[in-house]
Amino acid sequence: TYRRAYDTLAEGFGPGFNAPLTIALDAGDGNTITIDELTAVHNAVRTVPTIAFVTEPILNRAGDTAVLTAFPTTSPSSPQTEDLVRNLRTEILPTATASSGLDTYVTGNTPAFIDISDKLSDRLPIFIAAVVGLSFLLLMVVFRSIVVPAKAAIMNLLSIGAAYGVVVAVFQWGWGNEIIGVDTTVPISPFLPMMMFAILFGLSMDYEVFLLSRIREEHLRSGDNHHSVVVGVAATARVITSAALIMISVFAAFMLSPDIEVKMFAVGLTVAVLVDATIVRMILVPSTMAIMGNANWWLPSKLEAILPPVSYTHLPSPRDST
């Protein structure tokens, strides 16, 4: 019902009818807004090419606050609508109120989503750097290596990057979106990349630590890097694959949800776990560790001296049973 009403309004009144922009004017304490000031703002907004219609301003009883609603010519998710909101805030309204000194605000659902998206986009690099950096430090302490934590971070970012790419291809480019019940292309929700990164990095690191722990244990016992990689992969492959199949099945089931954002999460998580448990964890990680040899476990002596000691429990080696 919600979607049908949305489409009906967009068809009858234009795509911007679903993206109303509420413009608030504030004269400040002890001041009032004059008719000329309201007219200046109304005319300035009305003459913007990407504005389809502007309502008449409404004053409160005190006369110090006014509100008017502007309807853009473009849809809520259009880049032109985003440019319009920024243009109103930085150029159109400040110019129209330069002589009056009124405070102007552009709000509503569409500007709010734009602000949230901008804020999350600005914070996402910091968030990713903090998570990757902390994971690197913890893995360095546990595995007494610089190469292993760096490789783990890179491998985890590969699977997450693949998930981002597939989500964009399906929902923004429309590649196979009909298969999961999406009729048209839609923008990616602004909070999706951050939430997906937090969840997927945790899942990927879980697999990574499980595999590397077994490899590290065998390397401490035998000192043979190639043998340690073979034993570690053989001992953990079935567990990792089985756990991945369970999670893939659960995440894929959410594609049946009618909610678009749930579908986005479902596609991203499914792809990431599939790539991580197969290409990354069973191919890239073992092959790079086998190629790098004993360099995997390199740690500068000065750094070794300042790192806190961490006890390591050794699992029995298959050779011990014989």
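User: How many cavities of 30 Å³ or more does the structure hold?
Analyst: The structure, a predicted model, holds 1 such cavity (on a 1 Å grid over protein atoms alone, points where a 1.4 Å probe fits but cannot get out). Residues are numbered from 1 along each chain, and side-chain values use heavy atoms, without hydrogens or water. Local features need pLDDT of at least 70 and side-chain atom pairs 80 or more, while totals for chains, interfaces and linings use all residues.

User: How much space lies in the largest cavity, and which residues line it?
Analyst: The space in the largest cavity is about 30 Å³ (the volume filled by probe spheres on grid points joined across faces, edges and corners). Its lining consists of Leu200, Leu203, Ser204, Tyr207, Ala272, Val273 and Asp276 (an atom within 4 Å of a point).

User: Which element gives the most to that lining?
Analyst: Helix H6 gives the most, with 4 residues (helices are DSSP runs of H or I, at least four residues; strands are runs of E, at least two; both are numbered from the N terminus). H6 and H8 each supply at least two residues there.

User: What about the largest pocket, what is its volume?
Analyst: The volume of the largest pocket is about 1,900 Å³ (a pocket is an open set with protein on both sides within 12 Å along at least five of seven lines). Among its 45 lining residues, Ser77, Val186, Pro187, Ser189 and Glu261 are the closest to the centre. Two or more lining residues come from each of H1, H3, H4, H5, H6 and H8. H4 has the largest share, 9 residues.

User: Back to H6: is Arg214 buried or exposed?
Analyst: Arg214, which lies in H6 (residues 192-222), counts as buried because its relative accessibility is 8% (buried is under 20%, exposed over 50%, partly exposed in between; 1.4 Å probe, protein chains only).

User: Which strands are joined to S1?
Analyst: S1 runs antiparallel to S4 (residues 65-72), with 6 bridges, and antiparallel to S5 (residues 103-107), with 5 bridges (pairing needs at least two DSSP bridges). Thr22 has Thr69 in S4 as its bridge partner, and Leu25 stands opposite Thr104 in S5.
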